[in-house]
Amino acid sequence: VGFEGLLYPGRADHFIDWNVLFHGLYEADDLRLLAAVAGAYDRPVFLDVGANNGHHSLFMSAHAATVHAFEPNPGARRVLAERIDLNRLSNVVIHDCALGAADEHRRLYVSDQPEFPGASLIPGVNRTATDKFIDVRVCNGDCYLGENDITRFDLIKIDVEGFESAVLDGLRRNIERNRPVVLVEISQESRSRFGALAEFQDRFPEGYRFHVVKRASGLSISPRLVPLNEDVYRTGGNVFCVSAERAELFEACANAMS
């Protein structure tokens, strides 16, 4: 199907692809906001940590000068590479490792359900099998970026099925230096590893603010920003983490969507 000016080959029995087929995008509000923020920067760089089959990377390839897609699962990485080749994209770089707090090799547990072909470094998370896994490389984020001359990034998405806290710990120095807009998934598993809301917020440098995008109830269906609080944190979902110096721009982009 057509996909933001690109071609998107997919499977109707795959959850993300099904959303593309019937709704045009998966997690459309979050993506639209990422794209709007990216449009305000000069040649923005986007990190897609947990790229899966490349949905977010493909979308952001039209809005970022460079996309760095991190995906340790060879099956998902193969689909991502095929989509990049089909669309002749030259600005998406695939990295065949996971990011974390330490350099190590770990088991990546994969799903035996075709419609939910996710993977996690934590057994049993997001429908993954506890007895079906592959060995993958995990790299400390700060070290890996330095070794690969990735000195700048403006936006980052982290969706790694419960391993988000380790990713943030490993990228601590780069987040402090770059002050990017971070979109991170909060699931039951990741929340248990982050701890309380205050502990999650303390993973970020001073001056960061936290929001989620919600659809307003009632007659209006426009998305709106909601501050992250205890109730929202317990509910889970994707959280935008925004440095104070980028807050005005971010909020203006969000308001333009509503």
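Author: Start at histidine 211. Leaving out residues up to four places away in sequence, histidine 211 touches Leu225, Val226, Pro227, Leu228, Asn238, Val239, Phe240, Val242, Phe250 and Glu251. A contact here means heavy atoms within 4.5 Å. This is a predicted model, in which local features need pLDDT of at least 70 and side-chain atom pairs count only at pLDDT 80 or more, while totals for chains, interfaces and linings use all residues. Residues are numbered from 1 along each chain as its sequence is written, and side-chain values use heavy atoms, with hydrogens and water left out.

Histidine 211 belongs to strand E12, residues 208-215. Strands (E, at least two residues) and helices (H or I, at least four) are DSSP runs, numbered from the N terminus. The relative accessibility of histidine 211 is 10%, so histidine 211 counts as buried. Buried means under 20% relative accessible area, exposed means over 50%, and partly exposed lies in between (1.4 Å probe, protein chains only). Glutamate 164 is 47 residues from histidine 211 in sequence, and their C-alpha atoms are 17 Å apart in space.

Now look at phenylalanine 210, also in strand E12. Phenylalanine 210 has 9% relative accessibility, so this residue is buried. Aromatic rings come next. Rings of Phe, Tyr and Trp (its six-membered ring) pair if their centres lie within 6.5 Å; planes under 30 degrees apart are stacked, over 60 edge-to-face, and the rest tilted. By this rule there are twelve aromatic pairs. One of them joins phenylalanine 200 and phenylalanine 210: it is tilted, with 5.7 Å centre to centre and 55 degrees between the planes. This pair links distant parts of the chain, ten residues apart: phenylalanine 200 sits in helix H9 (residues 197-201), phenylalanine 210 in strand E12. Both rings also belong to one aromatic cluster, formed by Phe194, Phe200, Phe204, Tyr208, Phe210 and Tyr233.

Stay with phenylalanine 200. Its relative accessibility is 0%, so phenylalanine 200 counts as buried. Who surrounds this residue? Setting aside neighbours within four places in sequence, phenylalanine 200 contacts Val184, Ile186, Phe194, Phe210, Leu228, Tyr233, Val239 and Cys241.

Phenylalanine 200 is also part of the largest nonpolar core, which has 43 residues. Such a core is a set of buried Ala, Val, Leu, Ile, Met, Phe, Trp, Tyr and Cys residues joined through side-chain atoms within 4.5 Å. The residues with the most contacts inside the core are Leu47, Val49, Ile158, Phe200, Leu228, Val239 and Cys241. There is a second, separate core of 35 residues, and Tyr8, Ile16, Val20 and Val92 are among its members.

Leucine 47 stands opposite histidine 68 in strand E4. Strand E3 (45-49) pairs with E4 in the parallel sense, over five bridges. Two strands count as paired if DSSP finds at least two bridges between them. Strand E4 covers residues 66-70, and four of its five residues are buried.

Most residues other than glycine have a negative phi. Arginine 43 has a positive phi of about 50 degrees, although it is not a glycine. Arginine 43 lies in the loop between helix H2 (28-38) and strand E3. Its relative accessible area is 57%, so arginine 43 is exposed. Asparagine 52 also has a positive phi, of about 55 degrees, and is not a glycine either. Asparagine 52 is found in the loop between E3 and H3. At 23% relative accessible area, asparagine 52 is partly exposed.

Finish with the second core. Ile16 and Val20, two of its members, lie in helix H1 (residues 15-23), where Ile16, Asp17, Asn19 and Val20 are buried. Seen down the axis of H1, these buried residues fall within an arc of 155 degrees, so they line one face of the helix. That arc is taken from the directions from the helix axis to the C-beta atoms. The cover over the buried residues of H1 includes strand E1 (2-3), helix H3 (55-61) and helix H4 (74-86). Just after H1, glycine 24 takes a positive phi of about 90 degrees. Tyr8 is another member of this core. Arginine 83 lies over the face of tyrosine 8, at 4.0 Å from the ring centre. A charge sits over a ring if NZ of Lys or CZ of Arg is within 6 Å of the ring centre and within 35 degrees of the ring normal.
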